Amino acid sequence: MASQTSMKKNYKLDWSSGLPDEILEKIFKILPSPIDRTTIRSICESWRSIVPSVRFPPLLMLPFDPHNDTLLFYSLCDKSRITLHLPEAHNKVICGSSHGFLALVDETGVVSLLNPFTKFQINLPPVDEKIASTSIYKVINQDGHWIKYDFDGAPSPLTKFELTEVFFKEIILLSPPKYDGDNFVAVGVFGCSDQIAFCKKGEPTWTLLDTMLSCNIRSIACYQDKIFVMDYVGEMSMKIWLL
């Protein structure tokens with residue numbers, strides 16, 4: 001009896017290799033939610049190779065409070081709401097979404113990508129003095145905290161609600177990152193600037209690019225590894241970058 005009890009305590013089920021492929025496929029087919037199907041694919045590489053990729057219906061993200069760690073999405077197909085508990089986004093500001101990833105930045109200037117359904121994260125280069133120099137404000141870093149000087153010269157700590165105004169207004173991806181984070185390019189638009197920035201996987205800093213536009217950039221779009229930008233007076237940059 002003692003030996004049987006010991007065997008039970010030492011026995012651990014390896015879910016990644018303990019389920020036959022045909023059973024895993026049957027489980028996948030009866031799951032009604034794309035979130036549940038995505039969760040199965042994120043378990044391990046072997047499950048991901050068996051379970052087909054999931055196409056989410058169009059989702060709209062409702063307004064997000066950085067003091068909260070709950071995200072709400074609205075499904076345009078079945079007119080339902082999806083609630084996600086996402087502590088990874090707590091005290092961070094969302095500055096873009098692209099290819100299923102949210103771009104996040106916090107008050108210290110840490111920038112990251114987060115898939116809200118699989119929780120897969122990728123760190124991007126942080127905000128540095130080069131990025132801060134694109135702002136219309138004087139912004140300096142003091143002991144890991146950013147200080148903004150108003151036009152009258154008064155300093156104040158940069159709050160999370162000012163991040164998209166001073167630093168990145170929007171970050172998008174040219175292509176979706178893989179699970180290991182390879183082969184992606186992120187492009188950022190600043191709060192008030194005619195420049196943009198890009199970084200490739202593994203690069204420690206952002207690279208600035210001059211758009212040759214006469215006004216601050218309003219919107220950006222990517223198509224077939226090319227970047228198109230438009231300023232606030234409706235002018236388009238005629239230059240196309242191949243990254």
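Modeller: This is a predicted model. Strand S2 (residues 70–75) pairs with S3 in the antiparallel sense, over five bridges.

Biologist: Which residue in S3 stands opposite Leu72?

Modeller: Thr83 stands opposite Leu72.

Biologist: And what order do the strands of that open sheet take?

Modeller: The order is S1-S2-S3, three strands with antiparallel pairing. Strand S1 (59–61) and strand S3 (81–85) are the edges, each pairing on one side only. From one strand to the next, the twist averages 30°.

Biologist: Changing topic, how many aromatic pairs does the structure hold?

Modeller: The structure holds five aromatic pairs. One of them joins Tyr137 and Phe151, which are stacked at 5.0 Å centre to centre with 25° between the planes. Tyr137 is in the loop between helix H6 (129–132) and strand S8 (138–142), and Phe151 is in the loop between strand S9 (145–149) and strand S10 (155–157), so the pair ties together parts 14 residues apart in sequence.

Biologist: Is Tyr137 buried or exposed?

Modeller: Tyr137 counts as buried, because its relative accessibility is 14%, under the 20% cut-off. Phe151, at 67%, counts as exposed.

Biologist: What about Trp146 and Phe167?

Modeller: Trp146 and Phe167 form an edge-to-face pair, 5.3 Å centre to centre and 70° between the planes. Trp146 lies in strand S9 and Phe167 in the loop between helix H7 (163–166) and strand S11 (168–173), so this pair links parts 21 residues apart in sequence. Both residues, Trp146 and Phe167, are buried.

Biologist: Which lysine lies over the face of Tyr137?

Modeller: Lys148 does, at 4.5 Å from the ring centre. Lys138 lies over the face of Tyr149, at 4.9 Å from the ring centre.

Technical notes
Residues are numbered from 1 along each chain as its sequence is written. This is a predicted model: local features need pLDDT of at least 70, side-chain atom pairs count only at pLDDT 80 or more; totals for chains, interfaces and linings use all residues. Side-chain values use heavy atoms; hydrogens and water are left out. Two strands pair if DSSP finds at least two bridges between them. Helices (H or I, at least four residues) and strands (E, at least two) are DSSP runs, numbered from the N terminus. Axes are lines fitted to C-alpha atoms, for helices over the stretch in contact, and angles run from 0 to 180 degrees between N-to-C directions. Rings of Phe, Tyr and Trp (its six-membered ring) pair if their centres lie within 6.5 Å; planes under 30 degrees apart count as stacked, over 60 as edge-to-face and the rest as tilted. Buried means under 20% relative accessible area, exposed over 50%, partly exposed in between (1.4 Å probe, protein chains only). A charge sits over a ring if NZ of Lys or CZ of Arg is within 6 Å of the ring centre and within 35 degrees of the ring normal.
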